[in-house]
Amino acid sequence: MFHQFIIATSIVLATVQEARSHGGLRCRNDLAYTPPMGLSTHFRYNSWMSWEVFRCTVDCTTYPTKCINSNLYKTIADAMVLNGFLEAGYNTVHIDDCWEAGRDLATNKLLANETRFPGGMEALADYLHAQGLKFGLYTAENTLTCGNYTGSALHEVDGCGNETYYPTGYTAMGTALQITGRDIVYSCSWPAYLGSNETTKPFDTMIAIGCNLWRNWDDIQCSWDSLLSIIDHWGDYGDVLQQFAGPGHWNDPDMLLIGNDCITDDQARTQMAIWSLVAAPLIMGNDVRNISDSTRAILLNKDAIAINQDSLGKQGTRISPKGTLEVWSRELSDGSVAVGLLNKGSNDTSVTRGSFSDSVAIDRPIEWMKATVCNGICTANITVHFQDLGILGPATVFEIWTRKNLGVYTQSYSAAVPDGGTAFVKIIPTMF
């Protein structure tokens, strides 16, 4: 299920100005200068989203704390504020599918289910705004959403429909958002429906019509295999994707699994590192009300977030050959280079219960099997050579996970990396 969200970043009417350019490309609004952050039920701001855990659970009698209703989003918002996520930059809560209840016969406006959302979306948005959070909302570029609820086609925004309609449909929605006078970040799922070949997708057109971010490829599932497949895809097409990422317009590899039991802590650190290196939206897909201290520390790591949000806005890439052991890098605004040393390990360290089809309209919370720990060779030495980063001479190495300065190295840096893990460092030249 490829998701698309529109996020009201301000309730104050404002004139939307032309955004800064990156690589000669401009988005027609002045928003999303850095990758979005938050919590999802699906988006790219540092944010939270509900889909990965709660799916389309609408039976609030059987699942009172996990069904798609106002209370779920309010308690998630409370937890984000209480546990430091809002302060760290996770500033948006995204409502995914299954909130809709048809259209008002008089106005033709989409309606929220009045039993599960008393007061409608306006009341929920008011609550989130009062907490200091932003409000994100899903709809589909079709008559029906992926969960078979009322969509936005001809009203204009996710696909789940006829792809020949996307050029006009996404353009119509972008124009409609633009003329509201509000600052609204526009997330488009258009390229996710166009296959795997990133070289053929109309990214320049999407930027021109106002897409601030877009889902590129497959939905992430709660497993190491799924996470690895997305990492491999970003590595394979990194040079292409890098051309279209920058302030105001971002590639989106999908939600953060961090905080779910389907991946280990080492695998969680890998996702945080790679998502930060490729300037991806940080959108949590967990139950933020119930996560471990170790995964909370990963999500709130200030140095990882700073790399993700770096003002240069240049997407990082895989700089080594594709393989079990890889080196990834990203140039930063202060002249340093962020580096990830990735040990993919075995491909069977995590399994899931369920199939890809479960992502479409499952009506209960997902129960993923827990990830298993490494039982074989669990570490590998990986080296990055400074000359491959464009750094000539010695450099200081700062370790992201421990937040410690490791000292000055002359030509290279090596680390013992656990199975499924990523050593994450910042290489700072001693001379510029």
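**Close-up views of a predicted model**

View 1. Gly147 is buried, because its relative accessible area is 9% and the cut-off for buried is under 20%. The model shown here is predicted. Gly147 belongs to the loop between β9 (134–138) and α5 (166–178). Its C-alpha atom lies 7.3 Å from that of Cys56. Along the chain, Gly147 and Cys56 are 91 residues apart.

**View 2. Strand β18, covered on both faces.** Strand β18 spans residues 395–399. It is mostly covered, with five of its five residues buried. In a regular strand, side chains alternate between the two faces of the sheet. On one side of β18 sit Ala395, Val397 and Glu399. On the other sit Thr396 and Phe398. Both of these faces are covered, and the residues named on them are all buried.

View 3. Strand β19 covers residues 404–409 and pairs with β18 in the antiparallel sense. Five bridges join the two strands. Phe398 stands opposite Asn405 of β19. Four residues lie between the strands of this hairpin. There, Arg403 takes a positive phi near 60°.

**View 4. β18 beside β21.** Strand β21 runs over residues 422–429. β21 and β18 pair in the antiparallel sense, over five bridges. Here Phe398 stands opposite Lys426 of β21.

Terms used. Residues are numbered from 1 along each chain as its sequence is written. This is a predicted model: local features need pLDDT of at least 70, side-chain atom pairs count only at pLDDT 80 or more; totals for chains, interfaces and linings use all residues. Side-chain values use heavy atoms; hydrogens and water are left out. Buried means under 20% relative accessible area, exposed over 50%, partly exposed in between (1.4 Å probe, protein chains only). Two strands pair if DSSP finds at least two bridges between them.
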